[in-house]
Amino acid sequence: MNIHKKYLYECLKLAQLGFGNVAPNPMVGCVIVHENEVIGQGYHEKYGENHAEVNAINSVEDKKLLKESTLYVNLEPCAHHGKTPPCSDLIIKYQIPKVVVGCIDTFSEVAGKGIEKMKAAGIDVLVGILEKEALTLNKRFFTFQNKKRPYIILKWAQTSDGFIDIDRSDKKNNSQNNWITTPASKQLVHQWRSEEQAILIGTNTALNDNPQLNVREVEGKNPLRIVLDLTLRLPQHLNVFDQSIPTLIINQIKNESLNNLEFIKIDNQKNLIKQIFEVLYHKNIQSLIVEGGTQLLNTFIENTIWDEARVFTGDKKFERGLKAPSINKTVLNMIRFDTDTLTTYIND
């Protein structure tokens with residue numbers, strides 16, 4: 001294996017350790033090598049704290065060796081003052097002669113400026129090693145920067161005969177257990193929630209299922225709850241109004257804030273999805289799980305505004321009811337969970 005790729009892979013593995021803790025910052029890992037020996041390493045551990053390059057440089061016991069070392073990092077070192085000072089300045093300060101970068105940071109405050117600054121200081125900078133892998137690792141960050149919207153994950157469960165819900169027009173059916181998947185799949189879904197910044201449902205899902213949209217099955221952070229309730233017809237006793245988790249109610253009637261509950265008014269004459277994206281972009285939300293019903297999911301599918309879809313198929317049959325959405329896209333993988341099958345699609 002190419003020596004640069006070897007150490008960049010190490011950077012990617014380190015960066016992954018920050019998953020779920022650094023957003024809205026990207027995941028970054030850094031390795032410092034002196035004469036084919038790793039003398040320092042670090043990763044961005046938590047939003048607002050030291051960046052990977054700082055942690056890696058701080059871990060080097062003999063700082064004199066930095067003048068003879070190569071620094072590897074999966075993302076371009078920053079050149080601006082944010083929560084922390086510029087990493088490119090720190091690299092220049094220690095006179096590290098060579099830097100190998102996975103990919104350029106497209107964030108407007110960086111966007112090549114860190115590389116330019118290091119090159120101007122006489123540092124040999126190599127860019128684009130494992131670029132595809134580096135871009136994939138931070139797909140949420142890059143989607144947000146480049147498309148001005150969150151990375152969108154559609155998620156639903158369907159029966160083996162293709163239904164997402166029972167026929168609720170039949171009152172006899174309303175007492176039927178409509179849970180489709182196994183406890184193992186439910187726990188995985190809660191793990192996903194802990195890894196993303198926000199989760200979205202529609203009015204009917206809130207009414208029919210009264211979900212909590214939290215991560216009670218695993219340890220981790222609860223996502224921001226977002227509920228579409230355009231006419232404010234949802235009863236206040238539902239779990240989404242319990243103010244236990246920050247929650248946005250997207251509606252066409254009022255703006256109001258009550259502790260963890262925020263009502264955000266949108267214009268019914270404008271595109272609904274675009275307005276939601278504007279709200280989330282303003283709030284720096286870089287990833288969104290859509291767990292709504294067929295109507296909401298199909299809105300994203302029909303407009304091809306999604307990045308990934310995770311579909312559970314259980315062995316249960318409803319025989320009739322609400323048909324599940326349909327996706328005709330590339331299957332990324334298919335995994336078996338007990339009696340459930342998880343199929344992941346990508347919107348390529």
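Aspartate 124 counts as partly exposed, at 42% relative accessibility (buried means under 20% relative accessible area, exposed over 50%, partly exposed in between; 1.4 Å probe, protein chains only). This is a predicted model: local features need pLDDT of at least 70, side-chain atom pairs count only at pLDDT 80 or more, and totals for chains, interfaces and linings use all residues. Residues are numbered from 1 along each chain as its sequence is written, and side-chain values use heavy atoms, with hydrogens and water left out.

**Salt bridges**

- The structure holds 13 salt bridges (a side-chain nitrogen of Lys or Arg within 4 Å of a carboxyl oxygen of Asp or Glu).
- Aspartate 124 pairs with lysine 98 at 3.8 Å, N to O.
- Aspartate 124 is in strand S5 and lysine 98 in strand S4, so the pair ties together parts 26 residues apart in sequence. Helices (H or I, at least four residues) and strands (E, at least two) are DSSP runs, numbered from the N terminus.
- Lysine 98 is partly exposed, at 24%.
- Glutamate 196 meets arginine 140 at 2.8 Å, N to O.
- Glutamate 196 is buried at 4% relative accessible area, and arginine 140 is buried at 13%.
- Lys139, Glu308 and Arg310 form a network of salt bridges.

**Strand S14**

- Strand S14 covers residues 308–313; 5 of its 6 residues are buried, so the strand is largely enclosed by the rest of the structure.
- S14 pairs with strand S6 in the parallel sense over 6 bridges (two strands pair if DSSP finds at least two bridges between them).
- Glutamate 308 in S14 stands opposite isoleucine 153.
- S14 and strand S17 run antiparallel, joined by 6 bridges.
- Phenylalanine 312 stands opposite leucine 342 in S17.

**Pockets**

- The largest pocket holds about 1100 Å³ of space. A pocket is an open set of points on a 1 Å grid over the protein atoms alone, where a 1.4 Å probe fits, with protein on both sides within 12 Å along at least five of seven lines; lining residues have an atom within 4 Å of a point. Grid points are joined across faces, edges and corners, and a volume is the space filled by probe spheres set on the points.
- The second largest pocket has a volume of about 660 Å³.
- Its lining has 27 residues; Thr136, Lys139, Tyr151, Glu308 and Ile346 lie nearest the centre.
- Helix H6 gives the most to the lining of the second largest pocket, with 6 residues.
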